[in-house]
Amino acid sequence: MTHNPVRMMFAWTFGYPEGFEQWFLNSDLARKDEALLHFSALPPRQFDSLTGCDPDIDILEVVNEDTREWVEAAGLGDSAGMLVSQGPTSKVVFLANRHRDEGQYTPTELMQMNMLAPHIENAVGLFNKIYQSRTQHETLSMALDHIRKPMIVIDEMARVVRCNASAEKILASHPRLFVTEQSDSRLQSLNSGFNRQLNDAILTSIFNARDGVQDMIALFEQMDDERLAICITPLSMGCDDEPVEAHGQYGALVELVSFSAKRPPNLGKLARLFNCTRAEAVTAGHLMHGLSISEAAEAEGLSVHTVRGYVKNLLSKNGYRRQAELVGALVRALD
């Protein structure tokens with residue numbers, strides 16, 4: 001959105017009928033939309049609810065006459081949003097609208113959404129850079145240099161295409177993890193056992209990208225009290241106007257998360273973010289530090305069966321199918 005005059009320059013939506021974005025752009029509703037105006041006035045990285053999470057407030061009482069008709073027609077019950085970024089002449093706002101049948105957002109849900117805030121910032125920043133790269137002839141891997149999180153792009157031959165500056169900084173200080181200097185550069189570890197796990201995870205992610213499977217794999221490399229979580233996600237690098245198959249551009253995106261093993265997990269935060277009991281939060285804390293189910297059971301003096309039950313509860317409560325997905329989300333909660 002531009003500042004003055006207030007108007008929307010570009011919009012992307014999911015869940016609305018085809019043509020909705022263009023209609024909204026042409027209608028000039030952006031400068032009258034209560035949600036956009038409210039969320040764009042917030043400090044960055046701070047989700048809020050348009051109804052204030054108050055079940056006694058109807059969203060139709062909050063919006064003005066100009067937008068009430070379409071809000072009612074769409075059946076909106078609440079809107080959550082945040083200011084993503086703000087420049088000299090424009091700003092980016094993220095909104096998540098909820099249907100009336102789903103009820104209003106709760107404070108716990110807003111806290112969970114706040115956990116996504118830095119990732120939303122990264123996604124928007126990367127999108128803007130890729131959008132500009134159409135004329136600057138830059139690639140996805142080069143665009144990663146503009147992302148603060150340590151990330152590495154790996155191609156379909158399992159070669160490192162690019163490390164951004166943050167990733168290079170971590171690799172330069174890590175005694176075992178490195179990228180080979182030959183033309184056939186690879187992400188490797190001096191620990192032979194871990195190196196096999198790393199290679200297997202990268203290859204699995206590349207094959208998953210070809211099959212359209214977006215499962216993330218999380219590995220942990222430990223050095224004294226410092227730990228490095230390596231989160232590997234399948235990556236498809238197609239163009240907007242051509243299918244990925246036309247280019248064979250599959251690969252993997254590696255995100256590095258460095259943290260101290262001495263850092264105790266915030267059990268209260270985990271319980272709120274992952275909708276779990278204290279016992280389940282304790283188990284989550286062990287998983288986010290790289291422990292297996294059996295190691296977590298031993299650390300707490302519990303049976304493997306009990307801890308496995310806690311993990312199953314965490315998966316079902318948070319909509320994850322696999323333990324690796326849950327671990328990846330837990331690691332990102334360290335931010």
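I began by counting salt bridges, and the structure holds 11 of them, where a salt bridge is a side-chain nitrogen of Lys or Arg within 4 Å of a carboxyl oxygen of Asp or Glu. I noted that this is a predicted model, in which local features need pLDDT of at least 70 and side-chain atom pairs count only at pLDDT 80 or more, while totals for chains, interfaces and linings use all residues. Residues are numbered from 1 along each chain as its sequence is written, and side-chain values use heavy atoms, with hydrogens and water left out.

I looked up Arg45 next, and its side chain meets that of Glu121 in a salt bridge of 3.0 Å, N to O. Arg45 lies in the loop between helix H2 (34-40) and strand S1 (48-49) and Glu121 in helix H5 (residues 107-136), so the pair ties together parts 76 residues apart in sequence; helices (H or I, at least four residues) and strands (E, at least two) are DSSP runs, numbered from the N terminus. Glu121 is buried at 16% relative accessible area, and Arg45 is partly exposed at 40% (buried is under 20%, exposed over 50%, partly exposed in between, with a 1.4 Å probe and protein chains only).

I then turned to Asp215, which forms a salt bridge with Arg322 at 3.8 Å, N to O. This pair links distant parts of the chain, 107 residues apart, with Asp215 in the loop between helix H8 (192-211) and strand S8 (217-223) and Arg322 in the loop between helix H12 (304-318) and helix H13 (323-332). I also recorded that Asp215, Arg321 and Arg322 are linked in a network of salt bridges.
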